[in-house]
Amino acid sequence: MQRNFSETFMKYVFMVCALLSIVSIILIFYFIFKGGLPFILEEGVGNFVLGTSWKPTASNPQFGIFPMIMGSILVTFGAIIIGVPIGVLTAIFLAFFCPKFLYRWLKPAINLMAAIPSIVYGFFGLLILVPWSRDLMQTLHLTERGNTGMNVFTASLLLGIMILPTIIGLSEASLNAVPKSFYDASIGLGATHERSVMNVVVPAATSGIFSSIILGIGRAIGETMAVILVAGNQAMIPQALNHGTRTLTTNIVLEMAYAAGRHRESLIATSVVLFVFILIINSVFMVVKSKGDKY
């Protein structure tokens, strides 16, 4: 009798927790769109999303956020190029090639990276990556617009480092979840250890690896504090990797403290665009992932 009560009680506890998650998403969706959608409709979707001039405090205010959209896309894409290959290959190394004595040190170090606050990453980028990027650009003779080192390349590099713990941890878990019989069967057919891992185990874990990449991209898109310190925060479309940029998240954080009236409404509307942007990216990846699972 007591066991049945405990099981029933815990079942409803889990159900309430699941419902709270759903309700939270609905409330976030409601309040963001309630505050930002009217402004977008008044300003015009084309003028707001595709406008290239952001001058919210001018006598003739302009609220074009296309430079911030492009900044978010470029920085996120750069983080993917840097972080995904390193993260996935590191996970493969940890799961199948890493010596035990090294694993005891390397795994906790990677877990510690996930616990470091983003502002600390930002200071690391400001003190280490920014001067290095500035020197690199000078070496390559890419010095236009004042070579400060705060640019798309530096922000992409920092975000690529920040998403590593997420990709490595989840990818390694996916690789370890593949039944050992897959590997044993490949070895039994005469394949080498390397070939069995890369041609049998890794393809079997593709779904989990892809999920880790999606979560990593989500963190890269939503990161704010670290990007503020290294991106340059220039509300213009970057023409090269050594140009400064501003993302959607940093645009909101930088100006929300003193914004009022339509300026404040425009920042809330920016959060609507960011929300939709993340939903579209996640939806596309989930569709691609589901198609991959069928095969």
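Start with the lining of the second largest cavity, which by class has 5 nonpolar, 4 polar and 1 charged residues. Here Ala, Val, Leu, Ile, Met, Phe, Trp, Tyr, Cys and Pro count as nonpolar, Asp, Glu, Lys and Arg as charged, and the others, Gly among them, as polar. Select S72, V75, T76, L159, A220, I221, E223, V227, T247 and T249 to display that lining. A cavity is a set of points on a 1 Å grid over the protein atoms alone where a 1.4 Å probe fits but cannot get out, and lining residues have an atom within 4 Å of a point. The second largest cavity holds about 40 Å³ of space, and the structure has 2 cavities of 30 Å³ or more. Such a volume is the space filled by probe spheres set on the grid points, which are joined across faces, edges and corners.

Before moving on, a word on the model. It is predicted, with local features needing pLDDT of at least 70 and side-chain atom pairs counting only at pLDDT 80 or more, while totals for chains, interfaces and linings use all residues. Residues are numbered from 1 along each chain as its sequence is written, and side-chain values use heavy atoms, with hydrogens and water left out.

**Helix 3**

Which helix gives the most to the lining of the second largest cavity? Helix 3 does, with 3 residues. Helix 3 and helix 10 (206–222) each supply at least two residues of that lining. Helices (H or I, at least four residues) and strands (E, at least two) are DSSP runs, numbered from the N terminus.

Next, select T90, which lies in helix 3 (residues 66–97). A polar atom of the T90 side chain lies 2.6 Å from the backbone oxygen of I86. Beyond its neighbours within four places in sequence, T90 is in contact (heavy atoms within 4.5 Å) with I110 and I168.

**The nonpolar cores**

Now color the largest nonpolar core, which has 52 residues; those with the most contacts inside it are F48, I65, L158, L159, L175 and I209. Helix 3 gives the most to this core, with 8 residues. A nonpolar core is a set of buried Ala, Val, Leu, Ile, Met, Phe, Trp, Tyr and Cys residues joined through side-chain atoms within 4.5 Å. Buried means under 20% relative accessible area, exposed over 50%, and partly exposed in between (1.4 Å probe, protein chains only).

Zoom in on L158: leaving aside neighbours within four places in sequence, L158 is in contact with Y121, G122, F124, G125, L129, A226 and V230. A second, separate core of 5 residues includes L94, C98, I110 and L164.

Two of those names come up again at Y103, your next selection, in helix 4 (residues 100–115). Not counting residues up to four places away in sequence, Y103 touches L94, C98, P108 and E172. Is Y103 buried, exposed or partly exposed? Y103 is partly exposed, with a relative accessible area of 27%.

Go to L127 in helix 5. L127 is exposed, with a relative accessible area of 61%.

Then pick N151, in the loop between helix 5 (118–139) and helix 6 (152–162). N151 counts as buried, at 0% relative accessibility. Leaving aside neighbours within four places in sequence, N151 is in contact with S133, M137, V230, A231, L241, N242, H243 and G244.

N233 sits in another loop, between helix 11 (225–230) and helix 12. Check its phi: the angle of N233 is near 55 degrees, a positive value in a residue other than glycine.

**Helix 12**

Select E255 in helix 12 (residues 248–256). E255 is buried, with a relative accessible area of 6%. Leaving aside neighbours within four places in sequence, E255 is in contact with W54, P56, R246, H263 and L267. The C-alpha atoms of E255 and I110 are separated by 34 Å.

**Zooming out**

Finally, show the whole protein chain, with its 13 helices and 2 strands. Its C-alpha trace spans about 75 × 65 × 35 Å along its principal axes. Buried residues make up 37% of the 295 residues. Among contacts between residues at least 6 apart in sequence, 70% join residues at least 24 apart.

Notes:
A polar contact is a pair of N or O atoms within 3.5 Å; within protein, one must be able to donate a hydrogen and the other to accept it, and residues adjacent in sequence count only if both atoms are side-chain atoms. On a 1 Å grid over the protein atoms alone, a cavity is a set of points where a 1.4 Å probe fits but cannot get out, and a pocket is an open set with protein on both sides within 12 Å along at least five of seven lines; lining residues have an atom within 4 Å of a point.
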